[in-house]
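I opened this entry to look up one residue and the space around it. My notes follow the order of my look-ups.

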Amino acid sequence: MLSTLIPATLIYLASGVAAHGGLSNYTVGDTWYRGYDPNEAAAEQEGQPWMVQRTWASIDPIFSPDDPGLACNSPAAPPPSYIPISAGENLTAVYWYWLHPMGPMSVWLASCGSESPYSCQEADVNELKWFKIWEAGLLSENVETGIWWQKQFQNWDGSPDLWPVTIPENIKPGFYMVRHEILSIHVAGKPQWYPECAHLNISGTGTAVPSEEYLARFPGEYSMNDPSINIDIYSEVNQNMTHYTIPGPPVWDGLVNSDRKGAALRVSDYVD
């Protein structure tokens with residue numbers, strides 16, 4: 001699969017896309033899994049046996065926290081296949097040319113169940129209970145001129161931007177959706193969300209599941225009343241701020257039936 005998917009990625013990068021960007025592929029070890037390309041004909045991708053990512057129609061952002069597309073973008077039609085991965089393995093998201101350097105990034109999972117291989121195809125992404133397994137935000141200095149993980153993960157030379165995350169080692173096996181979210185806050189008071197989702201078949205012997213305080217629905221979790229979302233990083237009040245609180249519940253620490261809210265530290269917690 002690796003040899004057939006690399007050329008498509010190079011085409012994306014060579015095209016010099018002039019706005020935004022998107023999640024084009026996933027890798028587990030040396031195996032590549034092709035994602036959806038909104039620039040190609042939908043009929044040539046939807047329903048194909050190799051497709052593991054839910055559809056998304058545009059590289060344009062989602063502007064409203066109440067938009068149903070906040071879960072998995074739009075139209076979010078389900079793929080027929082799953083990425084097989086073991087608990088404790090790394091899943092790497094591969095992005096093509098990205099332009100925005102400011103704002104947090106997060107990775108979420110939602111269980112689709114374990115009884116049917118088609119359970120994620122039948123799931124309503126807006127009713128799923130999502131839990132965060134990774135996040136990163138402001139790494140150093142201040143919100144206006146400092147280094148965000150969103151900037152650091154970008155190579156800026158045309159090579160692929162790689163975003164690795166480890167599937168919790170103790171997670172209960174089953175069928176899951178994985179949701180990668182980029183929240184860009186470079187425009188004052190006008191947040192931009194870029195979510196994409198794929199289907200995972202997680203194997204393992206774990207029994208861990210997150211408790212209610214770690215769970216969220218999209219839309220419903222975010223609000224424009226949140227000062228981390230409705231923010232002007234250039235204002236006199238905020239521009240020298242050296243701590244940024246990432247929106248949403250804390251990262252699930254992977255403990256069995258954990259109810260210790262906030263047990264996992266965020267990257268931004270290390271910023272003074």
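Is F131 buried or exposed? I found F131 buried, at a relative accessible area of 3%. Buried means under 20% relative accessible area and exposed over 50%, with partly exposed in between (1.4 Å probe, protein chains only).

I noted the ground rules next. The model is predicted, so local features need pLDDT of at least 70 and side-chain atom pairs pLDDT 80 or more, while totals for chains, interfaces and linings use all residues. Residues are numbered from 1 along each chain as its sequence is written, and side-chain values use heavy atoms, without hydrogens and water.

Then I placed F131. It lies in strand β6, residues 130–136. Strands (E, at least two residues) and helices (H or I, at least four) are DSSP runs, numbered from the N terminus. I counted three helices and 12 strands in the protein.

I listed contacts (heavy atoms within 4.5 Å). Leaving out residues up to four places away in sequence, F131 touches several residues, including W108, I171, Y214 and W252.

Last, I checked the largest pocket. Its volume is about 210 Å³. Among its 13 lining residues, those closest to the centre are S111, F131, Y176, V209 and P210. A pocket is an open set of points on a 1 Å grid over the protein atoms alone, where a 1.4 Å probe fits, with protein on both sides within 12 Å along at least five of seven lines; lining residues have an atom within 4 Å of a point. The volume is the space filled by probe spheres set on the points, which are joined across faces, edges and corners.
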